[in-house]
Amino acid sequence: MPPPKPAASTLALERFLPYRLSILSQLVSASVHDQYFEPSQLTIPQWRVMAVLGRFAPLSANQVGNRTLMDKVTVSRAVAALLKRGLVERATDDSDRRRSALRLSAAGQRLHDHIATLALDYEARLLACLAPDERQTLDNLMDRLMDHARTLRGTR
């Protein structure tokens, strides 16, 4: 029987930060989807497009992809579905006629505002298990980790 591996080379998956972040993200996304997106018949990628447009519009589909880290195909499918439902509008970019700019339609803005209110309530309930100083610490740590992850990936 081979000797056991040294502890330093053993991956304790349940303590591995990327795994834990992924599981937390999936749990939160599934809960938000079930409560808010499913009744509105939105997929998670469609909501991400709407959320980004609700905050930063007008944007090109490429800019939406950059802000959400979704691939072009996922963004394209989400935008197409939102256009078909009349939740997003596409206009030619005045500065570059080859590009189109996306923004929420009036109906899209109403749906966005409704879901955003519910999502903020969910966030408050999720964070309720943390004291205010812990929330601030978590926020600061998340910012640092995101900045460092971008640096490690070479996208800063």
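This is a predicted model: local features need pLDDT of at least 70, side-chain atom pairs count only at pLDDT 80 or more; totals for chains, interfaces and linings use all residues.

Reader: How many residues line the largest pocket, and which lie nearest its centre?

Author: The lining has 46 residues. S25, S29, R48, M142 and M146 lie nearest the centre.

Reader: Which elements give two or more residues to that lining?

Author: They are α1 (17–40), α2 (44–56), α3 (61–68), α5 (106–127) and α6 (132–153).

Reader: And where does the largest share come from?

Author: From α6, with 13 residues.

Reader: What's the lining like by class?

Author: There are 28 nonpolar residues, eight polar ones and ten charged ones.

Reader: OK, on to packing. How many residues are in the largest nonpolar core, and which have the most contacts inside it?

Author: That core has 24 residues. L42, V49, M50 and L53 have the most contacts inside it.

Reader: Which elements give two or more residues to this core?

Author: α1, α2, α4 (72–84), β2 (100–104) and α5 do. The largest share is from α2, which gives five residues.

Reader: Take V49. What does V49 touch, leaving out residues up to four places away in sequence?

Author: V49 touches V64, M70, A78, V79 and L82.

Reader: V64 is in that list. Which residues of α3 are buried?

Author: V64, G65 and T68 are the buried residues of α3.

Reader: Why are they on the same side of α3?

Author: Because they cover an arc of only 100° around the axis, they end up on the same side of α3. The general rule is that an α-helix has 3.6 residues a turn, so residues three or four places apart point the same way.

Reader: What covers the buried residues of α3?

Author: The cover includes α2 and α4.

Reader: And just after α3, what phi does L69 take?

Author: A positive one, of about 60°.

Reader: Now the other end. Where is S60?

Author: S60 is in the loop between α2 and α3.

Reader: Is S60 buried or exposed?

Author: Buried. Its relative accessible area is 8%, and the cut-off for buried is under 20%.

Reader: What does S60 touch, again not counting residues up to four places away in sequence?

Author: S60 touches R99, S100 and L102. Of the elements, β2 spans 100–104.

Technical notes: Residues are numbered from 1 along each chain as its sequence is written. Side-chain values use heavy atoms; hydrogens and water are left out. On a 1 Å grid over the protein atoms alone, a cavity is a set of points where a 1.4 Å probe fits but cannot get out, and a pocket is an open set with protein on both sides within 12 Å along at least five of seven lines; lining residues have an atom within 4 Å of a point. Helices (H or I, at least four residues) and strands (E, at least two) are DSSP runs, numbered from the N terminus. Ala, Val, Leu, Ile, Met, Phe, Trp, Tyr, Cys and Pro count as nonpolar, Asp, Glu, Lys and Arg as charged, and the others, Gly among them, as polar. A nonpolar core is a set of buried Ala, Val, Leu, Ile, Met, Phe, Trp, Tyr and Cys residues joined through side-chain atoms within 4.5 Å. Buried means under 20% relative accessible area, exposed over 50%, partly exposed in between (1.4 Å probe, protein chains only). Contact means heavy atoms within 4.5 Å. The arc is that of the directions from the helix axis to the C-beta atoms.
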